[in-house]
Amino acid sequence: MPSDLQSLHEKMRQWRQHLHRFPETAYEELETAKFIADRLTEFGLEVHQGFGRTGVVATLSAGTSGKKIALRADMDALFIEEQNTFAHKSRHAGKMHACGHDGHSAMLLGAASYLTEHQNFDGTVYFIFQPAEEGRAGARQMITDGLFEKFPADCVFGMHNFPDIPAGHFAVKSGPMMASFDCFEIVVTGDATHAAMPHLGNDAIVASAHIINALQTIVSRTINPADPAVVSITQIHAGNTWNAIPESVLLRGTYRCFETAVQKKIADKITQLVHAICGGHGVGSEIKFNPENPGYPVTFNAETETALALKAAIAVAGADCVNRQPIPSMGSEDFAFMLQKKPGCYIWIGNGSSENSCLLHNPHYDFNDGILPIGAAYWVKLVETILGKSLPG
Ligand SMILES: [Zn+2]
Ligand SMILES: [Zn+2]
């Protein structure tokens, strides 16, 4: 690891802890964006703000090559009340950096600082600081705003910390890394009646019970057992007393998989089962897919870019600390939208696991400041690998 990056460690730690203290959620990352843009301007970079509403993009060119790559960090926080007690804990009630996006931003800032100073590459680097990763598709918003027209990168790279991986280790593979993500909402409407006289109404609750069970057969009976998929009902809302059958039931849930064709098959089967069951029970049904926010596609790593990412990860961490066959996660990531537009690679960096560490989105989570230099070193090495001066432009 370059010694200059080690010396940036303290600065990155301060930036990271500042962002942790003042977490901002989707599309409200105004102070976060300003803080990041101020640092990038201090480094001497050309900075563009307000992209994808609150996103920030900085451009750095060196040499004469026309090659261009984009590096992306996310910068939004979650609606979680922090339970930590350390000095840099969240000052914003009900909001917290529980997914480590504070660390992702700090690592990319560190890399931007180093690369601006050393310029040991030939080409253009776009530093993308993306808003609203958590369920609000900030990546898609940036693309809609013309991200890749204004910053025409040849390829795009993302990185996320992962608490279950040892600190500073990496894990990456080509093909699917994270699942697609879709939500659905079902309203079953019957006829309300006295609980003692069900025959005088039409019970939406009993019909819903059949729906819940039937949806669990989609993965086991409709999807090829070799294709991973999961369907979960996560909310049931109905009724408010003991002795009356309510008029309607609201069910909500989610499904995840690794293939667009499977994604469509699940949606079609949900529709078919719900309408058939409700028809049989004589109750009405309405289904909405992704009613509040867009679903996310599969996060799919391209082969060539994954090979380059592997090379950079091995160079900074050593071959023994890079897992080349991680099991893909059923979680999802809106970086997938960028990977639909440009070939690229999304890598996991270990946040480390100890007795006290916990998973992402946990109120006790904290990004591990110890991995800031190695994460920044990965970005630098990736740029130097792809835009290497000795390589043909
Ligand atoms: Zn998250
Ligand atoms: Zn995250």
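These notebook entries record what I looked up around a zinc site and the sheet beside it in a predicted model.

**Entry 1: the zinc site.** I began with the zinc ion (ligand 2) and listed its donors. I found C99 through SG, H101 through NE2 and H160 through NE2, at 2.0 to 2.3 Å. Along the chain, these donors follow the spacing C-x1-H-x58-H. I then looked for the other metal: the zinc ion (ligand 1) is 3.1 Å from the zinc ion (ligand 2), and C99 coordinates both.

Entry 2: I next followed β5 into its sheet, which is open, has 8 strands and shows mixed pairing in the order β1-β2-β4-β3-β5-β16-β6-β15. The edges are β1 (46-51) and β15 (322-323); each has a single partner strand, so one side of each is left without a neighbour in the sheet. I noted that β5 pairs with strand β16 (residues 344-350) in the parallel sense, over 7 bridges. Within β16, Y346 stands opposite G158.

**Entry 3: helices on the sheet.** I recorded helix α9 (residues 303-317) as packing on the sheet, where α9 touches β5, β6 (170-171), β15 and β16. The direction of α9 makes about 30° with that of β16. Helix α11 (residues 372-386) also packs on the sheet, touching β3, β4 (123-130), β5, β6 and β16. For α11, I noted an angle of about 160° between its direction and that of β5.

Methods
Residues are numbered from 1 along each chain as its sequence is written. Chains are lettered from A and ligands numbered from 1 in the order in which they are written. This is a predicted model: local features need pLDDT of at least 70, side-chain atom pairs count only at pLDDT 80 or more; totals for chains, interfaces and linings use all residues. Side-chain values use heavy atoms; hydrogens and water are left out. Donors are N, O and S atoms within 2.8 Å of the metal (3.2 Å for Na, K and Ca); water is not among the atoms, so sites may look incomplete. Two strands pair if DSSP finds at least two bridges between them. Helices (H or I, at least four residues) and strands (E, at least two) are DSSP runs, numbered from the N terminus. Contact means heavy atoms within 4.5 Å. Axes are lines fitted to C-alpha atoms, for helices over the stretch in contact, and angles run from 0 to 180 degrees between N-to-C directions.
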